[in-house]
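Welcome! Here is a short briefing to read alongside the sequence and the 3D view.

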Amino acid sequence: MFEYVWLIPLFPLIGVVINGLFGKKIKNETVIGGIAAGAVFGSFLVACGILFQLLSLPGEERHFEKTIFTWISSGNFKADIGFLIDPLSCLMLMVVTGIGFLIHLYSIGYMHGEEGFYRYFTYLNLFTFSMLLLVSGNNMLLMFVGWEGVGLCSYLLIGYYFHKKSAGDAGKKAFVMNRIGDFGFLLGLFTLYWYLGGTHNVWTINFRELASHADLIVPGAITTTVALCFFLGATGKSAQIPLYTWLPDAMEGPTPVSALIHAATMVTAGVYMIARMNFIYIKSPTALLVIACVGAATALFAATIGTAQNDIKRVLAYSTVSQLGYMFLAMGVGAFGAGVFHLMTHAFFKACLFLGSGSVIHAMHHALHHEHSDADPQDMRNMGALKAKMPVTFATFLLATIAIAGIPGFAGFFSKDEILWQAFSNPHHGSANMLLWGAGAVAAGLTAFYMFRLVFMTFFGKTRLSDKAFHHLHESPWVITVPLVCLAFLSVVGGWIGVPKVLGEVLGGMPNYFEHYLEPVFAYSTNYMLHGGHGAEHAHSIAMEWGLMGVSVLIACGGIALAWALYIVAPGFPEKFVSTFPVLHRAVYNKWYIDEIYDFAFVNPCKACGNFLWKGFDVVVVDGIVNGVASVVRGISGLLRHLQTGMVHNYAFSMALGVVVIVGVYLFR
Amino acid sequence: MLAIDNYLILSAIMFAIGTVGVLTKRNAIVIFMCIELMLNAVNLTFIAFSRYLGNLDGQVFVFFVMTVAAAEAAVGLALMIALYKNRESIDVEDVNLMKL
């Protein structure tokens with residue numbers, strides 16, 4: 001099965017070609033959607049086969065490289081078109097193809113009747129292709145191709161409704177923000193290549209070769225530079241402080257796109273990249289500290305903004321930023337496995353939440369359309385009491401919300417709790433650990449609060465629609481609800497493959513399958529920490545772990561109870577709160593004015609600089625030189641023009657004169 | 001037999017008359033005739049030298065020149081008819097479309 005790994009990215013590429021070239025002619029939505037979803041399903045089947053073969057091998061043999069052909073070969077530099085299979089890339093393949101297939105299926109229902117239906121599926125397939133290339137490429141350059149490809153598709157899909165100016169702007173914003181990150185990625189790549197090649201004569205960008213030479217990467221300024229440059233790339237792609245502002249704006253795209261690209265897969269590319277290069281990061285305590293702080297700060301910061309947003313998708317967007325912060329916190333404390341685990345569970349429940357919100361928006365849109373109302377179908381202040389009308393959407397949404405809130409037994413609990421425990425007990429950051437854990441715990445409470453605020457505002461209470469519009473609300477068709485049910489199921493049970501050790505012992509020696517599965521990928525880092533790593537291993541008691549687990553569950557329950565009290569028991573209270581602290585509310589509602597600050601600090605100076613170069617340099621200097629040359633030539637030719645009289649006589653005379661001169665020269669010299 | 005100088009002087013005079021005619025006349029047909037005069041002046045030189053040197057090469061050249069001149073006359077007269085049809089004049093001063 002390993003030999004056929006190249007089929008995984010090939011299927012979506014075929015879908016791109018068919019739908020891209022002939023989609024406009026095919027017109028039939030079932031055929032277009034069927035081709036796109038079928039292609040991803042084919043990839044999913046191949047990925048399943050590879051996973052089962054991988055699991056049948058013993059741990060240390062779980063890697064395979066398939067080189068298709070040499071892509072670039074120049075001097076010492078060599079890059080292949082090749083695929084790397086190991087537990088990490090296989091996991092990512094499963095997540096991307098599995099969730100990707102469900103979302104393709106969902107899109108067939110959601111995008112029904114949209115203009116440019118074929119265009120949407122072409123982009124979506126192209127995205128899937130790029131993402132698969134990103135996670136399965138065997139060298140950094142191929143990864144970068146996928147990295148850029150997903151950025152491009154993200155831009156195209158955010159700007160899908162390009163006739164809306166806000167959508168076009170959001171697309172451009174995402175693209176520019178991602179470019180800043182890509183710049184960091186490239187610098188990191190060049191520095192690493194130059195450093196390993198220049199000092200150790202190891203000229204390679206292949207992941208496995210790099211990993212086998214990991215001993216050559218010694219702690220120091222260069223390693224930290226490399227690590228931080230790559231991390232800059234990750235902050236762009238994965239929406240971390242300071243480059244996170246594009247993600248909330250990316251909600252301008254169709255909702256399934258938000259679910260696939262801006263929640264489940266693309267934004268986790270940064271986390272995947274750091275996990276893939278864990279052997280570099282483990283050598284740089286400074287970089288780890290930076291990542292942990294940025295992750296924790298993002299988790300907390302985005303969660304505060306999420307509490308005051310009224311647009312259902314924006315709440316989820318900030319929630320995504322916040323959850324990505326958790327993953328980076330995990331990376332930063334050296335708990336790579338826990339971060340990847342949270343990546344997976346988050347993909348389940350966040351995809352479910354986004355698709356659920358899409359189902360709600362879909363229904364709201366129809367209901368408001370019937371009433372000819374201009375009200376915003378995404379605004380939660382227009383919703384309420386939807387649970388009776390949309391039972392399947394409600395049930396799945398509620399399960400996913402419980403999962404993200406971190407209630408024991410659901411997927412989010414296991415992964416989030418593991419990250420918090422690692423943040424508290426890791427040997428890397430000493431006294432900063434308490435702060436990291438604190439930020440994570442508070443963010444967990446806020447998460448539970450704003451997610452249940454969303455659920456209560458949307459599904460509970462009294463409806464804020466008119467009777468007529470409310471009457472027209474209806475549950476979505478099966479292509480929408482089936483993916484919801486699948487994802488909700490995964491959100492509930494997905495966590496049980498990674499039960500923490502202390503819990504597992506109570507449950508009769510249940511092992512942590514997930515950690516065990518990923519062990520070979522992070523073996524180098526684990527060994528490095530055991531043998532002469534930095535910092536001493538703290539002894540933490542089992543009681544402590546239980547205690548912290550209890551605390552985080554209590555915090556989550558507290559958040560839920562607060563949301564219940566504010567939005568169900570005393571619905572008038574939030575308004576009272578807003579009028580009591582108007583400044584605070586306005587700041588949070590306006591996202592702490594970060595966009596405005598960026599406009600002031602970066603965007604406008606850049607614009608002014610561009611305007612100066614345009615009007616001051618291009619128009620005056622460049623155009624001046626070009627026009628100057630032209631007018632000099634014109635002046636000279638204006639003088640010479642008088643020789644061309646257009647009179648045949650004059651020409652004949654000058655010829656005769658010339659003959660006389662030539663003959664004269666010969667005669668009299 | 002006359003000395004070769006006489007032929008050459010006559011030829012030179014004919015050539016000069018032809019040249020002046022080309023440069024001064026405005027009627028295209030007259031210019032054309034002047035060109036023929038120049039050609040024939042050259043022909044005369046060829047013949048004279050051919051006789052003087054006892055070599056037939058010069059006379060062969062004259063045949064070529066006459067052939068080309070005949071062809072040229074055909075083309076030239078056709079051009080002039082076309083010109084006259086367009087402009088009702090064969091004055092070369094009127095043919096100045098190339099001028100700015």
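In this predicted model, helix α14 (residues 312-332) of chain A packs against helix α17 (residues 411-425) of chain A at an angle of about 40°, and their axes are 9 Å apart. Axes here are lines fitted to C-alpha atoms, for helices over the stretch in contact, and angles run from 0 to 180 degrees between N-to-C directions. The angle makes α14(A) oblique to α17(A), because angles under 35 degrees count as roughly parallel, over 145 as roughly antiparallel, 65 to 115 as roughly perpendicular and the rest as oblique.

**The helix pair**
- On the α14(A) side, the contact is made by Tyr326(A), Leu329(A) and Ala330(A); two residues are in contact if their C-beta atoms, placed from the backbone, lie within 7 Å.
- On the α17(A) side, Lys416(A), Ile419(A), Gln422(A) and Ala423(A) take part.

**Chain A as a whole**
- Chain A has 27 helices and 2 strands, which are DSSP runs (helices: H or I, at least four residues; strands: E, at least two) numbered from the N terminus.
- The C-alpha atoms of chain A fill a box of roughly 125 × 70 × 50 Å along the principal axes.
- Among contacts in chain A with a separation of 6 or more, 81% join residues 24 or more positions apart.

**Reading the model**
- Residues are numbered from 1 along each chain as its sequence is written, while chains are lettered from A and ligands numbered from 1 in the order in which they are written.
- Local features need pLDDT of at least 70, side-chain atom pairs count only at pLDDT 80 or more, and totals for chains, interfaces and linings use all residues.
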